Amino acid sequence: MKKRLRSVQLFLKETDLLLLITCIVTSVFGLLMVYSATRHNLKEGQIFPRDFLIMLIAVVVGIALSLVISYFNYEVFTRFWIWIGAACIFAMVLLFWFGTGPSERPDVHTWLDFKIFSIQPSEFVKIGFIITFSVHLERLKDKLNKPLSILQLAVHAMIPTFLVLKTGDMGSALVFLVITAVMLFVAGLHWGYFLGGIALVAAAAPLVWTYVFSSIQKDRFLALIYPELYPSIIYQQERGMTAIGAGGITGQGLFQGAYTQAGAVPESMNDMIFTVIGEELGFVGCVAALALLCFICVRIILIGKKSRERSTNLICDGMAAMIIGQVVINVGMCLMLLPVIGITLPFFSAGGSSNLAVYLGIGLVLSIYRHNCDSGAVNIRVYDSLKNS
């Protein structure tokens with residue numbers, strides 16, 4: 001019994017409890033907001049809304065899996081990066097045959113429906129991409145700025161980005177580009193390539209607009225410029241902005257938001273969860289939510305800086321870039337600075353896939369902290385013991 005207790009104490013000592021506890025607190029905050037956004041849908045005899053229960057299960061399972069992942073040396077995952085990449089591509093390709101989406105969006109097929117539950121593969125592919133791209137960058141570190149290396153990395157990044165975009169998930173495709181740019185910058189890519197990339201994107205924009213974007217995606221951009229011409233499309237964002245404005249400094253009170261409790265903002269538990277925070281908890285609540293997310297990202301970056309390998313630094317920066325990218329896009333969408341492109345607010349939006357995937361990424365960061373940082377603890381090295389046996 002004492003030996004088991006000592007093992008638990010050692011395990012906790014080697015865990016970055018500050019990061020883990022902050023993530024849990026943020027998820028509890030998010031669960032509270034999702035419950036508030038969905039409680040008006042409660043049926044007679046129902047205690048908790050379905051979206052709340054799915055998120056709760058995903059968070060609990062995600063926390064457990066993050067601790068399990070942290071127990072294993074991260075090299076268990078980076079060693080099989082080719083297989084992880086192949087699995088990610090396979091999952092995305094399946095969507096072209098078996099993918100489903102909202103009934104009002106026939107051009108979207110982002111979910112795999114298993115009847116009992118559904119999975120959005122792109123959420124997990126983000127984590128897989130961070131792993132594979134970090135290994136690829138590490139292998140090319142001595143010749144990173146060679147044209148052939150740039151070509152290889154560009155192909156590596158564009159495969160998942162293109163597949164995700166073709167399924168209709170523009171938001172996730174944009175997040176992949178953010179992750180790629182940040183990881184290349186951290187790896188030491190020459191600034192001239194960034195300028196060239198910006199020029200290439202600008203030159204390709206008309207072609208992307210004409211041949212890649214669907215009509216609904218184009219309309220969502222145009223609705224920001226000409227809202228009076230697209231009332232049915234801009235409706236969600238205008239209602240969201242009104243709800244946020246109604247919250248003022250301190251908000252209307254938890255479970256008291258007029259727009260939230262009436263279900264007046266479409267998808268308020270998912271893409272528009274920030275409007276719920278703004279209406280019911282006001283400016284103070286919005287700042288608190290963003291502060292928690294900021295702290296999580298800073299902590300992840302610091303873990304990467306403390307790690308003894310460049311590949312682990314890249315993984316941590318990639319994870320932080322994923323969270324920051326989604327936060328900027330989601331909040332920008334809620335504030336009508338960006339079009340509605342379907343992206344969740346990490347730790348806050350409802351959804352099993354998004355919450356589970358982010359905790360898988362947190363587990364990877366915790367593994368790096370446990371096995372690769374000079375934290376002073378005696379590391380538990382599952383991979384090393386397997387390798388030496």
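**Surface, fold and a buried glutamate**

Student: What does the accessible surface come to, and how much of it belongs to carbon and sulfur atoms?
Tutor: About 18,700 Å² for the protein, with 69% belonging to carbon and sulfur atoms. Keep in mind that this is a predicted model.

Student: And what does the secondary structure come to?
Tutor: The protein has 16 helices and 3 strands. Its radius of gyration is 21 Å, close to the 21 Å that the globule rule gives for 389 residues, so the protein is as compact as a globular protein of that length.

Student: What box do the C-alpha atoms fill?
Tutor: Roughly 65 × 60 × 40 Å, along the principal axes.

Student: How much counts as buried?
Tutor: 48% of the 389 residues.

Student: Switching to H14. Why call it largely enclosed?
Tutor: Because 22 of its 25 residues are buried.

Student: What follows H14?
Tutor: Methionine 336, with a positive phi near 60°.

Student: Now glutamate 279. Which helix does it lie in?
Tutor: H13, residues 273–306.

Student: Is glutamate 279 buried or exposed?
Tutor: Glutamate 279 is buried, yet it has no salt bridge.

Student: Which side chain of opposite charge is nearest, then?
Tutor: Arginine 239, and that is 9.6 Å away.

Student: So what is glutamate 279 in contact with, leaving aside neighbours within four places in sequence?
Tutor: Ala243, Ile244, Gly247, Gly251, Gln252, Gly257, Ala258, Tyr259 and Thr260.

Notes. Residues numbered from 1 in each chain as written. Predicted model: local features only at pLDDT ≥ 70, side-chain atom pairs only at ≥ 80, totals over all residues. Heavy atoms only, no water. Helix = DSSP H or I, 4+ residues; strand = E, 2+ residues; numbered from the N terminus. Buried < 20%, exposed > 50% of the residue type's maximum accessible area, 1.4 Å probe, protein only. Lys, Arg positive; Asp, Glu negative; His and termini not counted. Salt bridge = Lys/Arg side-chain N within 4 Å of Asp/Glu carboxyl O. Contact = heavy atoms within 4.5 Å. Rg over C-alpha atoms; globule rule 2.2 N^0.38 Å. Areas by Shrake-Rupley, 256 points an atom, 1.4 Å probe, with all protein chains shown as cover.
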